[in-house]
Amino acid sequence: MLVLLVEDEKDQRELVADILKDHGHEIVSAESVESAIVELKNLEKIGQVPNVIFSDWKLGSLTGISLLEYIRNNKINCGFVVATAYGSVQHAVEAVEKGADDYLSKPFQTQELLLAITKANTANNLRLQNSALSEQLSEQKNLVELVGSAPCMQKVYDRIKRVSNTNATVLIHGESGTGKELAARALHKMSQRHLNNFVAINCGAIPENLAEAELFGAEKGAFTGATERKIGKIEAANGGTLFLDEIGELPILLQAKLLRFLQENVIVRLGSNEEIQIDARVIAATHRDIPELISSNEFREDLYYRLNVVPLTMPALRERKEDIPRLFEHFIQKFETQYKSKAPQLTTEQKRAIYDYPWPGNVRELSNRIERFVLLGDAEELSFNSNSTHKIDVTSGFEIPPDGLVWDEFEKDILQQSLDRTDGNRTKSAKLIGLNYKQFLYRLEKYQL
Ligand SMILES: Nc1ncnc2c1ncn2[C@@H]1O[C@H](COP(=O)(O)OP(=O)(O)OP(=O)(O)O)[C@@H](O)[C@H]1O
Ligand SMILES: [Mg+2]
């Protein structure tokens with residue numbers, strides 16, 4: 001390792017340097033606190049930090065403590081050993097109190113010297129590990145409750161971090177239960193707006209006739225039942241973040257009004273003419289395929305482009321299976337604490353089944369099932385009917401032609417094609433179209449093929 005040796009007596013310095021060199025260490029020497037600091041700066045320029053500083057207590061008019069304070073104040077990460085004169089125990093105590101890792105009283109044996117250096121190096125390595133760990137922890141805290149470290153989740157975290165401190169509009173895509181709302185909250189918590197409101201509105205849950213007042217607010221008397229002024233969600237989010245959940249469900253009329261707000265940052269309450277300037281960061285989320293809604297005229301294309309400035313896609317749980325064990329532990333702990341009850345142990349086979357299951361309801365489904373498992377103590381809550389596993393979310397991609405079709409012709413055609421494809425091998429044909437042999441024969445007969 002690299003040792004910075006600070007000793008004002010030349011003979012003593014050379015002696016210690018020789019011993020350390022003989023034992024494979026690299027040495028940089030200094031004869032005073034000042035020159036030690038110069039050496040540290042020189043090393044820093046080439047990206048080096050000594051593993052350990054071995055310093056004499058008395059260094060001219062200063063002491064090794066001055067150097068120790070310099071090191072700790074400047075957050076230079078290295079071990080520190082002080083050599084004190086024989087009998088001066090109070091120096092040793094002071095040095096350790098100020099953060100030295102070890103001390104030696106002169107005269108010392110070679111073995112003592114080597115041991116002290118090694119101890120200080122180990123202590124320093126532990127400090128480095130701890131600070132790396134706590135850095136990681138605080139980063140995770142920032143991302144609130146999002147659990148998972150699969151590469152696709154790292155990308156999500158990176159993007160959240162990157163855009164959290166901008167005002168860019170974010171559109172979060174993802175299947176149901178993938179953590180879209182959690183991601184939106186993380187974005188808010190990590191932004192400078194975190195002390196202001198996070199206002200969530202579920203665009204699919206408000207009746208169409210109330211939606212405008214809900215979003216934009218209404219003056220007293222603006223409509224029957226408006227007995228007092230109502231502040232809308234957008235206004236409530238002023239200074240903070242507005243989360244438009246299930247944006248794909250927003251009625252088309254309101255889409256135009258929302259677009260105007262996004263373009264001009266002003267709203268007008270129902271029953272008023274006054275424009276109110278709003279500063280809100282907008283995050284929207286959807287599990288729907290918006291381009292598809294656009295092509296069926298259910299969603300405005302211009303609004304989509306306004307919202308989709310930064311797209312963020314939450315991966316499905318089956319795309320990050322490596323996170324399942326961690327999420328499992330997370331929810332077990334959460335619900336054990338919440339319900340003050342202990343969940344039974346699972347067998348390896350049961351754990352394997354949890355891993356293999358495709359989780360169509362994603363993290364929400366995992367969470368719900370574990371909650372019931374903890375509550376009821378019954379592993380049945382985490383067992384899966386293997387029949388159901390592959391049928392979920394899979395469509396053939398086949399679309400009925402615009403002009404419709406005649407079922408019997410269609411079925412006959414499919415049967416014929418499967419026979420052609422397998423050179424008339426009935427077993428293979430049946431398999432090809434997912435029928436058992438009996439079902440297949442029955443149909444061949446029906447169409448006299
Ligand atoms: N990465 C994650 N780590 C921990 N918990 C998660 C994670 N993702 C989702 N959850 C939990 O799963 C549940 C569903 O998450 P959330 O409501 O954010 O999903 P969503 O994508 O908005 O779903 P939906 O489309 O059904 O509204 C919540 O209880 C949430 O705490
Ligand atoms: Mg949601």
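Visitor: What classes of residue make up the lining of the largest pocket?
Guide: This is a predicted model. In it, the lining of the largest pocket has nine polar, eight charged and eight nonpolar residues.

Visitor: And what volume does the largest pocket have?
Guide: About 600 Å³. The lining counts 25 residues, and the closest to the pocket's centre are Gly-177, Gly-179, Leu-182, Val-363 and Arg-364.

Visitor: Where does the pocket lie relative to the domains?
Guide: Between domain 2 (152–313) and domain 3 (326–382), because both give residues to its lining.

Visitor: Ok, the ligand now. Which residues come nearest to ligand 1?
Guide: There are 18 residues around ligand 1, and Val-147, Ser-176, Gly-177, Lys-180 and Arg-364 come nearest.

Visitor: What does Ser-176 do there, in terms of distance?
Guide: One of its polar side-chain atoms lies 2.6 Å from an oxygen atom of ligand 1. For Gly-177, a polar backbone atom is 2.8 Å from a ligand oxygen. Thr-178 also has a backbone N or O atom 3.3 Å from an oxygen atom of ligand 1.

Visitor: How much of ligand 1 does the protein bury?
Guide: 87% of the 630 Å² that ligand 1 exposes when taken alone.

Visitor: Different topic. Where is there a cis peptide bond?
Guide: Between Lys-106 and Pro-107, with omega at about -10 degrees. Pro-107 sits in the loop between strand 7 (102–105) and helix 5 (110–142).

Visitor: Which residue has a positive phi although it is not a glycine?
Guide: Asn-265, with a phi of about 55 degrees.

Visitor: Where does Asn-265 lie?
Guide: In the loop that runs between helix 10 (252–264) and strand 11 (266–268).

Key: Residues numbered from 1 in each chain as written. Chains lettered and ligands numbered in written order. Predicted model: local features only at pLDDT ≥ 70, side-chain atom pairs only at ≥ 80, totals over all residues. Heavy atoms only, no water. 1 Å grid on protein atoms, 1.4 Å probe; cavity = no way out; pocket = protein on both sides within 12 Å on 5 of 7 lines; lining within 4 Å. Points joined across faces, edges and corners; volume = space filled by probe spheres on them. Nonpolar A, V, L, I, M, F, W, Y, C, P; charged D, E, K, R; others polar. Domains from an automatic or database assignment. Near = heavy atom within 4 Å. Polar contact = N/O pair within 3.5 Å; in protein donor to acceptor, adjacent residues only side chain to side chain. Areas by Shrake-Rupley, 256 points an atom, 1.4 Å probe, with all protein chains shown as cover. Helix = DSSP H or I, 4+ residues; strand = E, 2+ residues; numbered from the N terminus.
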